[in-house]
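Work through the exercises below with the structure in view. Try each task before reading its solution.

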Amino acid sequence: MPVGCNENVRNFCIIAHIDHGKSTLADRLLERTGLIAKRDMVDQILDSMDLEREKGITIKSQAVRLNYKARNGKDYILNLIDTPGHVDFTYEVSRSLAACEGALLVVDASQGIEAQTLANAYLAIENNLEIVPVINKVDLPSAEPERVRTEIEDVIGLDASMAPLISAKTGLNIDEVLECIVNYIPAPSGDENAPLRALIFDSFYDAYKGAIAYVRIKDGSVQVGDNIIMMSNGHSFEVTEIGYFEPTMTPCNVLKAGDVGYICASIKNVKDTTVGDTITKQSNKAKEPLPGYREVQPMVFAGFYPADGSNYDALRDALEKLKLNDAALTFEAETSTALGFGFRCGFLGLLHMDIIQERIDREFNLDIVTTSPSVIYKVKLTNGNEIELSNPTNMPDASEIEYMEEPIVAANIMTPNEFVGPIMELCQDRRGQYVDMEYMEENRVILKYILPLNEIIYDFFDILKSRTKGYASLDYELHGYQRADLVKLDILLNGDIIDAFSMIIHKDKSYSKGRFVAQKLKEVIPQQMFEIPIQAAIGNKVIARETIRALRKDVLAKCYGGDITRKKKLLEKQKEGKKKMRQFGTVEVPAEAFMAVLKFE
Amino acid sequence: MPYCVKKCAYCDFVSYTDRFSTANEYCDTVIDELMQYDAHGYSVETVFFGGGTPSAVAPEIIMRILSAIGQKYSLANNAEITLECNPCTLTEDKLCKYRSYGINRLSIGVQSFDDNVLKILGRVHDANTARKSIESAKKSGFDNINVDLMFAVPHQTEKSLSDAIDECASFGVRHISLYSLILEDGTRLKRDVDCGALCAVDDDTDRGMYHTALKMLKEKGYLQYEVSNFAKPGYESRHNTAYWERKEYIGLGCAAHSFFGNKRYSNTEKLDEYLNGIDVRANMLGGTLVDKNSAAEEILMLALRMNKGIDLTRFSEDTGFELLEKCAGTIAKLKSEGLIELSCNRLYATDKGRDVLNYVILELAQYF
């Protein structure tokens, strides 16, 4: 197969609403082009992390090269670039799209167009991609492919007359999809003789080869031995290997304009292969980087502590290993009087935090306790200084604070107009400022709001989805800082402040949150031999109080006729739970208490 | 004997209400199971027919099993042989037969003498049937009679409980088992409570009833020797005590558990599977060997149930650990909380400690 023969290359991605069959279609394309034998198929092969398969979402994007002999008799190289599918990763999605000329828009034949379909379709249109609609799951009894075809035309305004009707599950009409890719998606353009410009759309860390960049070559070419430069920071490296994914790494001699592949250059730090950055050559530098680069900034911070204090070093190892693959993750050591030694970690958003937490659990088998997530506040002190604050414990005394500012975001919420009421109510409840409402078409609108970031990091997205039956989609970007009446809410157990529960919160919300946390803790902290008062307080003022009554009865009336294994199993479980208890003075608190208080509503 | 006339509302034991026709076949399987054991050097101290409802099947089945045990092992002269029975199924004819087979202890599932409580528990008998069954048992010559009672049943009053204890005492029963109702998953009672049809008794009321009962039983000469068991002196159940003292026992029959050769193992809970026959050797091979740490846990969870508590010398012999050294800090804490006491080389739970025994056990068990 000749490499870099542009006419015969197609770079595309698949975009879809969650569960509409994106990963299954990808599997089928891999199988049909002979890349993976049917017997080797693990379902959803591109979602290689267990977590991705389970959550049905793609966290890290991947790219594979498919070889396809089309009906016109010519051989084609089809580069399939997978995209992540969550609001936390919108930026990553946009970079993946920027690496393609076209996109397959998969729509479920019975569900029709949904929020994400639309959000992703618009993102693809913004990136000037040629969109090929594909109607999936036509084998289901409830399928209405013709209705969905009309819907695609009416709502998105795409010509769907050629959209293949497929079943990714059964493999029906997969060849039509391949033909559409060849016939409708344009071959890449770009000047092979211009200075190298390669877009990094993903990266991962390999223990032997270092950080490896997934790239789309926009201009020029690259080969082993070239000295390359990362245009965002000027760091230079010598290329040690280039190649593409089939789907395993397959080295080749040269990557030219239009190609998709990988570059290894003994890069020690994944930070040097930042998504969105442009790679060029030292010898023949490009004048301008490719547009759209953005530095990744963690927006949400939380403390991670080992549930068992002796696992501190193991947790640090785990974070270091995860960071190799995840430029967006940051962490530094911190201590808590309640939780001991741990780390303050920074994340793109709450899903990102969830994912890191679960990966620590699954891949490193470590139980951790997390503190309330926080954003970065700016605190203007009475002495004229300004400090940044992401850990509530470090909040100065109220008397030293002139005022505080919190980060805000400009949010676009796309929704069918029937849900405008509930969404406005939600945004208002989250201290949002209404900016504008635009009609995209007769019954779809974009609501624009300015929202405090700390109001949307916990559960805003989930609630938005549930109040709109999954139809609304959210996109936001940072929009600076604004003053707010913020207070530090403390939680006291048996009279002692438990610093890990402290949070910075808007004054208007402090009472309801304080009550909620106190009630929740009453539910999750087991009864002990003495009464335990739980208080929520702002400064010295107690705003909520609950009491855990002393344990009166905890005994098994009967040991079952010689079957002591039941009681033994129970005891083993209780011992496990006990290990995860944190001792605060005389009070024992289970690790799940820390998560339980985060989930408001 | 996994057969019952009717499933009680609180019961999650293995029992079948519609399979009485298999009882003879079942008896054959039990005997076959028994015969597979190597009897060499063992004599049997106690036999306990539990259930299900052993009194619900033909007495001849009990006889066949008992004589098989007698053939296989030497039955100690003073062996304690108990049969669990349900007031409804006891007839004078059966009682006479039981006596003639050598059964010398009856455990009658009375639960309450309050018809409302019996109804909520889903028992088949009423209070009068219960009274008659105790009288008949005595008339047939049974001296060693246990009555099972329950408390903390929804709608049960403290008076209903104290009346029951009074009645037992006036019948002159020698042993009372007094159980706080456990709402087990999968039982009708649990479902009724979960859906709000019945209101579970709260812990304060539960302990109120328990402590009233403790006081009454003591006054009437029933000495507590375990969390839920009370007896006139000399009438403590030797069979149950063997469980708590971790003596060896062989469980025969569907869903039966055994502790033999320092292994814990159990039989299938499925009646049909059991009727197909049991391979004792395979069963034992699949069992769990009790290691030192596990033995320590077992002693904590079993021996602390008994008022006399843990024999510290036996503890170190059985486990290789010195309990007082290993758990020094926790023992001091539990003592200061008034939950345990130490004397005469024994560690035991106080009345207060027995109310929260799981807590006491867990605090100590974390060292093993």
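**Exercise 1.** Find how helix 12 of chain B and helix 13 of chain B pack.

*Solution.* Helix 12 of chain B and helix 13 (residues 312–319) of chain B pack with axes 9 Å apart, at an angle of about 155 degrees. Axes are lines fitted to C-alpha atoms over the stretch in contact, and angles run from 0 to 180 degrees between N-to-C directions. Helices (H or I, at least four residues) and strands (E, at least two) are DSSP runs, numbered from the N terminus. Helix 12 of chain B is therefore roughly antiparallel to helix 13 of chain B, the term for angles over 145 degrees.

This is a predicted model: local features need pLDDT of at least 70, side-chain atom pairs count only at pLDDT 80 or more, and totals for chains, interfaces and linings use all residues. Residues are numbered from 1 along each chain as its sequence is written, while chains are lettered from A and ligands numbered from 1 in the order in which they are written.

**Exercise 2.** Name the residues where these two helices meet.

*Solution.* From helix 12 of chain B come K292(B), A295(B), A296(B) and I299(B). They meet F315(B), D318(B) and T319(B) in helix 13 of chain B. Contact means C-beta atoms, placed from the backbone, within 7 Å.

**Exercise 3.** Work out the strand order of the open sheet in chain B.

*Solution.* Its 3 strands run 8-9-10, with antiparallel pairing. Pairing takes at least two DSSP bridges. Strand 8 (257–260) and strand 10 (288–289) of chain B are at the edges with a single partner strand each, so one side of each lacks a neighbour in the sheet. Strands 8 and 9 of chain B are joined by 4 bridges.

Conventions:
Angles under 35 degrees count as roughly parallel, over 145 as roughly antiparallel, 65 to 115 as roughly perpendicular and the rest as oblique.
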